[in-house]
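Open your viewer and keep the selection panel handy. We will take this one stop at a time.

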Amino acid sequence: ERSSWQARELKSVQLDAYGRFLKIVSHSCHVNKLNMYSQIGLIAINLIGDSASPAAAGQAALQGGMPSAAVPGAGGAAARKEISALDDLTFDLNFDPATAAQIRELHVAKERAVRAEDYDAAKRLKEAMQRLKQVGARMAKLELRKKAAVDNEDYDTAKLIKSEMDKLRAGLSYASDHQASDHGMG
């Protein structure tokens with residue numbers, strides 16, 4: 001009742017499994033006087049994984065099992081892609097799209113530096129990602145405050161918040177351009 005029945009809940013579940021379909025069953029909803037028809041709302045589903053080739057999927061359907069490319073140790077075994085926290089839907093909810101893209105670019109550059117055994121560059125890129133995440137989280141909070149100010153028609157506050165966000169963006173742009181030129185990204 002505290003939230004006037006408008007609470008949102010974000011669940012992240014990682015399954016290490018193979019499958020051909022996903023079935024979602026809602027057993028019950030939160031009962032209250034405003035939900036007379038027992039409705040629920042589902043905002044988003046984020047599935048991360050690799051699909052089998054159509055030929056392998058067809059073969060699996062005939063055999064009633066997993067494609068041989070997906071079975072560990074089987075002929076034609078495919079290396080499973082490591083799932084990163086950057087692939088998760090919650091990552092995109094915590095940052096604006098531009099910041100999320102910059103963090104992903106730095107992550108790719110860091111992985112490249114690690115493969116090349118350039119650990120000094122990898123360390124600098126990791127630190128740059130951490131700074132970017134901190135500023136990105138601040139930007140997300142400012143965006144919420146700006147939206148609330150606009151909703152309340154407090155345009156002076158919205159303008160001040162926008163100005164602060166523009167300064168943060170300019171600092172991010174300068175820092176990421178400088179970081180990218182140091183590491184051959186741009």
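Below is a short walk from the whole chain down to single side-chain pairs.

**Before you click.** This is a predicted model, in which local features need pLDDT of at least 70 and side-chain atom pairs count only at pLDDT 80 or more, while totals for chains, interfaces and linings use all residues. Residues are numbered from 1 along each chain as its sequence is written, and side-chain values use heavy atoms, with hydrogens and water left out.

**Whole chain.** Show the cartoon: you will find 5 helices and 0 strands (DSSP runs numbered from the N terminus, H or I of at least four residues for helices, E of at least two for strands). Of the 186 residues, 20% are buried (under 20% relative accessible area; exposed is over 50%, partly exposed in between, with a 1.4 Å probe and protein chains only).

**Colour by confidence.** pLDDT, the predictor's confidence in each residue from 0 to 100, averages 76 over the chain, and 69% of the residues score at least 70. Confidence is lowest in H1, at a mean of 58, and highest in H4, at 90. Now select residues 67-79: pLDDT stays under 50 there, and the model has 17 contacts for them beyond four places in sequence (a contact means heavy atoms within 4.5 Å).

**Select 119-151.** This is helix H4, with 33 residues. From first C-alpha to last it reaches 47 Å, close to the 48 Å expected at 1.5 Å a residue (1.5 Å times one less than the number of residues). Show side chains and look for the buried ones, among them Leu125, Met129, Leu132, Gly136 and Met139.

**Select Glu164 and Arg138.** Their side chains meet in a salt bridge, 2.5 Å from N to O (a side-chain nitrogen of Lys or Arg within 4 Å of a carboxyl oxygen of Asp or Glu). The pair links distant parts of the chain, with Glu164 in helix H5 (residues 155-182) and Arg138 in helix H4, 26 residues apart. Glu164 is partly exposed at 30% relative accessible area, and Arg138 is partly exposed at 37%.

**Select Lys147 and Asp151.** What separates these two along H4? About one helical turn, because they are 4 residues apart in that helix. Lys147 is partly exposed at 49%, whereas Asp151 is exposed at 53%.

**Last stop: Lys162 and Asp166.** This salt bridge has its closest N and O atoms 3.1 Å apart, and the two residues sit 4 residues apart in helix H5.
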